[in-house]
Amino acid sequence: MELSANRKDVWKFIKDHEQDDPAQLVFKQKQFPDLPLKEIASQIQARQKAKSKLPEWANKEIWFPPLLSLEQSSSEATAKFKSSLLSGNRFADLTGGFGIDCYYLAQDFKESHYIEQQKILCDLANYNFDVLKSDIQIHQTQASDFLENNSLNFDWIYLDPARRGDKNQKVFLWEDCSPNLIELLPLLFEKSKNVMVKAAPMQDISRGISELDQRVKDIYIIEHNGEVKELLYILNKEKVSAPNIHAIQLNKMGDSLFHFQGKKHLEDDLNYQFENPENYLYEPAPSIMKSGLFKQLAKQFNISKLHPNSQLFTNNDLIENFTGRKFKIINQVSAQKNALKKVLPEMKANLSCRNFPMPVAQLRKKLGLKDGGEYYLFATTLKNNEKVILVCKKLK
């Protein structure tokens, strides 16, 4: 990195060839014997992938890590959202990595520290933070050593434990990640009253809470581009009986498009109203699905559920601001080809199966259905256990 990132001829070549196929560039080494084309091709490939994920960084002379590190890093949108939750005098990112989170989180603190045990990532951060004119202090060490070997206290500590085991398998328990959050917890609270931890979107929230001994104050489920990208745990030094759960959908700037909030234990105190399909069908957004706060959602929007095991809702009056997808129900038919063809002669539609005893591919084949078009079909189960297909049109 030291040899290439500071070379003007390297940056000129990157800019001149930023739209080229990186795989083809490496075959031009004889034409450009003085340039490290393999390294340059890797940078061009990374910058092409970063244009949508990290638009601010992609437009600067940032030196990118290997693609795997880039893919595992936060997006600009999620990093900016995280920064809106934190502020104070002194901050530390104990798992610095590529530095995306650290850079954005540091912007509302007077003093910030980046901690990372890998030298190559520290070198990258040192170079990139200089390009970004950020005065974040860099420490090449392990998280526990950093906390143990200095006398500093922090307003906020952030960490994103690595979720890979000894054999490179994915892990989700806090104790299997690196650093081990359960072991580190006492030391974290010696140094800070406030801790933010990033977790994988696949993690079981209830289990994640129980493993942390009632230290979870808030959980943020971050949805971006139609997917749950991150879980954020806000940990508190004092014990918390029932954490707040926030389902958030972000736009590309990191601003919240919707924010649904509730508590897990309140689900037990509420009941559903079940109805057959009415005028409109509602499918909760992925972050709501992850939260499990379906009864609180139904209560807030005054909607009814189709079946205890179908996360689909209905009502007669359109809810414009519903936190998810909205559909106008055109028709209801049995899950048979002849029945569907009567209402959909072209037999072309977007098919989803929700609480239905057949996967999408198998049902599509059975029906002879072509994919696409303006209609949306939901194969599902109603409150009387009848299996049906709802023919719908999607609403904005």
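## Local features of a predicted model

Ser-73 is buried, having a relative accessible area of 13%; buried here means under 20% relative accessible area, exposed over 50% and partly exposed in between, with a 1.4 Å probe and protein chains only. The model is predicted, and local features therefore need pLDDT of at least 70, side-chain atom pairs count only at pLDDT 80 or more, and totals for chains, interfaces and linings use all residues. Residues are numbered from 1 along each chain as its sequence is written, and side-chain values use heavy atoms, with hydrogens and water left out.

**Two loop positions**

Ser-73 belongs to the loop between α5 (67–72) and α6 (76–85). Helices (H or I, at least four residues) and strands (E, at least two) are DSSP runs, numbered from the N terminus. The side chain of Ser-73 reaches the backbone oxygen of Leu-70 at 2.7 Å. Apart from neighbours within four places in sequence, Ser-73 is in contact (heavy atoms within 4.5 Å) with Lys-53, Phe-98, Ile-100 and Lys-198.

Gly-292 lies in the loop between α12 (286–291) and α13 (294–301). With neighbours within four places in sequence left aside, Gly-292 is in contact with Lys-264 and Glu-267. The C-alpha atoms of Gly-292 and Ile-245 are separated by 9.6 Å, the two residues being 47 residues apart along the chain.

The buried residues of α13 are Phe-294, Gln-296, Leu-297, Ala-298 and Phe-301. What covers them includes β9 (256–262), β10 (280–284), α12 and β12. Asn-302 follows α13 and has a positive phi, near 55°.

Rolling a probe the size of a water molecule over the atoms shows where empty space is left. On a 1 Å grid over the protein atoms alone, a pocket is an open set of points where a 1.4 Å probe fits, with protein on both sides within 12 Å along at least five of seven lines, and lining residues have an atom within 4 Å of a point. The second largest pocket holds about 200 Å³ of space, a volume being the space filled by probe spheres set on the grid points, which are joined across faces, edges and corners. Its lining has 14 residues, and Gln-273, Ala-298, Asn-302, Ile-303 and Ser-304 lie nearest the centre. Two or more lining residues come from each of α13 and β12 (310–315), and α13 gives the most, with four residues. The lining divides into five nonpolar, six polar and three charged residues. Ala, Val, Leu, Ile, Met, Phe, Trp, Tyr, Cys and Pro count as nonpolar, Asp, Glu, Lys and Arg as charged, and the others, Gly among them, as polar.

**Strand β14**

Strand β14 (residues 348–354) is largely enclosed by the rest of the structure, because five of its seven residues are buried. β14 pairs with strand β15 (residues 370–381) in the parallel sense over seven bridges; pairing requires that DSSP finds at least two bridges between two strands. Within this pair, Arg-354 stands opposite Thr-380 in β15.

**Backbone features in loops**

Ser-178 and Pro-179 are joined by a cis peptide bond, with omega about 0°. Pro-179 is located in the loop between β4 (156–159) and α10 (181–191). Two residues other than glycine with positive phi are listed below.

Conventions. A polar contact is a pair of N or O atoms within 3.5 Å; within protein, one must be able to donate a hydrogen and the other to accept it, and residues adjacent in sequence count only if both atoms are side-chain atoms.
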